[in-house]
Amino acid sequence: MATTPEPTPGPTPGPGPLSGVRVVELAGIGPGPFAAMLLADLGADVVRVDRPGGAGLAIDPEFDVTNRNKRSVIVDLKAPDGPARVLDLAARADVLIEGYRPDVAERLGVGPADCHARNPKLVYGRMTGWGQQGPLAPRAGHDIAYIALTGTLGMIGEPSRPPAVPANLLGDYAGGSLYLVVGVLAALHHARATGTGQVVDAAIVDGTAHLSAMIHGMLAAGGWQDRRGANLLDGGCPYYGTYETADGRYMAVGALEPQFYEEFLNLLGLQDHADARKDWTRWGELREAVAARFQSRTREEWTAVFEGSDACVAPVLSLREAPHHPHLAARGTFTDHGGITQPAPAPRFSATPTKVRTGPALPGADTADVARDWDVPDLMKGLA
């Protein structure tokens, strides 16, 4: 007889503002799982439908924190009865999230029409890079290609070097996951008010383009140059950027307003550069002076110099250093759960606080519990 994984403890009743909301997540990688994690962090009962032997991140599932606060079942969508098991879940859910290429869910028998036939109130969230329509819709892609076409990648980095790659934070998670969550919650509000569900088409290209709304306004007004390293917020400005310290580490400077700039110069000992703030012809001179000063001390020493000031200067910390910063530690911005240091749920709620309730859901570990809790006994078929 085959063995099954130990079940993940079920979500604690009543956590977070989305308590009582049921979400089905068709397993994938990247922005879909992160969006589902955010819903789970906010208290939703998220059931992740994993495939038999399906690949997730290239790490041990026990460390995949994007699957925290969820439960997992295994369904083979290519088996004759696989789609019916997903439709059984969809019939009892408020939200379904999938991240397949366009028309794949339809071919599998779990597309919007199939799900809405069982549950007209369902919010069907679709997470893709290119969107459901357009010439590139059927094509493969990754974060870097999506942000490249939107103009946002081309904004980042030094003018004399290739654009800097911002991990997959800008496209997958900011332009993708967060827009999917906003869309799902808006559609859920509509569904509860009208009884009618709908499809949310969250494309990373759309969300990432939307993130640049302010920049496009500045561009139209003549307040932004369409090239890297030439603007107030893209590293072109010498008092908004990063500088290397004597120990090879970095400090981040954001002294934009006059009063912050004045304090910044005073603490650096560069008061004679006060008039360079608005004179861009002197920005090269100012940058060299600031860089030379930062090179004279270590990051720790400069952190002490700017401590308690309004100069808007902070040390650039690594991922392992960040949880130990006194401010982040005091706020509990990071938390430890199951031996894994990870970002705590955000944002925060006064009446319905959130927390990491369970560790990453292991594939199939919760099939029996979900079958019972959601009253879908057929989920157990095929399990031995």
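Guide: A surface patch, in the sense used here, gathers residues with over 30% relative accessible area and no salt bridge, and like charges are joined when they lie within 9 Å. Please keep in mind throughout that this is a predicted model.

Visitor: With that in hand, which residues form a negative surface patch?

Guide: The negative patch is made up of E244, D247, E300 and E301. To place one of them, E301 belongs to helix α11, which covers residues 299–306, and with a relative accessible area of 42% E301 is partly exposed.

Visitor: Let me turn to charge pairs; how many salt bridges does the structure hold?

Guide: Side chains of opposite charge can pair when their charged atoms come close. In this model there are 18 salt bridges, and I would look at three of them in turn. R85 pairs with D378, with 3.4 Å between the closest N and O atoms. Because R85 is in helix α2 (residues 82–91) and D378 is in the segment after α13, this pair ties together parts that lie 293 residues apart in sequence.

Visitor: Is R85 buried or exposed, and what is the relative accessible area of D378?

Guide: R85 counts as buried, at 10% relative accessibility, whereas D378 is partly exposed with a relative accessible area of 26%.

Visitor: How far apart are the closest N and O atoms in the salt bridge of R299 with E321?

Guide: The closest N and O atoms of R299 and E321 are 2.7 Å apart.

Visitor: Which residue forms a salt bridge with R372?

Guide: The partner of R372 is D373, and their closest N and O atoms are 3.0 Å apart. Salt bridges that share partners bring R372 and D373 into one network with D45, R71 and D369. R372 is exposed, at 55% relative accessibility, and D373 is partly exposed, at 33%.

Visitor: On the backbone, what is the phi of A167, and where does A167 lie?

Guide: A167 has a positive phi of about 50 degrees, although A167 is not a glycine. The residue is placed in the loop between α5 (143–149) and α6 (169–194), where A167 is partly exposed with a relative accessible area of 48%. C312 is also a residue other than glycine with a positive phi, in this case near 60 degrees. C312 is located in the loop between α11 and β9 (313–315), and C312 counts as partly exposed at 36% relative accessibility.

Visitor: How many residues does α6 have, and which residue follows α6?

Guide: An α-helix has 3.6 residues a turn, so residues three or four places apart point the same way. In this structure α6 has 26 residues and spans 35 Å from its first C-alpha to its last, close to the 38 Å expected at 1.5 Å a residue. G195 follows α6, and the phi of G195 is positive, near 80 degrees.

Visitor: Which residues does a cis peptide bond join?

Guide: The cis peptide bond joins A346 and P347, with an omega of about -5 degrees. P347 is part of the loop between β11 (340–343) and α13 (367–373).

Visitor: To finish with a distance across the model, what separates the C-alpha atoms of G241 and R48?

Guide: Their C-alpha atoms are separated by 41 Å, and G241 and R48 are 193 residues apart along the chain. G241 itself lies in strand β7 (residues 240–244) and is partly exposed, with a relative accessible area of 21%; the cut-off matters for this reading, because buried means under 20%.

Methods:
Residues numbered from 1 in each chain as written. Predicted model: local features only at pLDDT ≥ 70, side-chain atom pairs only at ≥ 80, totals over all residues. Heavy atoms only, no water. Patch = residues over 30% accessible without salt bridge, like charges linked within 9 Å, V, L, I, M, F, W, Y side chains within 5 Å. Areas by Shrake-Rupley, 256 points an atom, 1.4 Å probe, with all protein chains shown as cover. Salt bridge = Lys/Arg side-chain N within 4 Å of Asp/Glu carboxyl O. Lys, Arg positive; Asp, Glu negative; His and termini not counted. Charge placed at Lys NZ, Arg CZ, Asp CG, Glu CD. Helix = DSSP H or I, 4+ residues; strand = E, 2+ residues; numbered from the N terminus. Buried < 20%, exposed > 50% of the residue type's maximum accessible area, 1.4 Å probe, protein only. Expected span 1.5 Å × (residues − 1).
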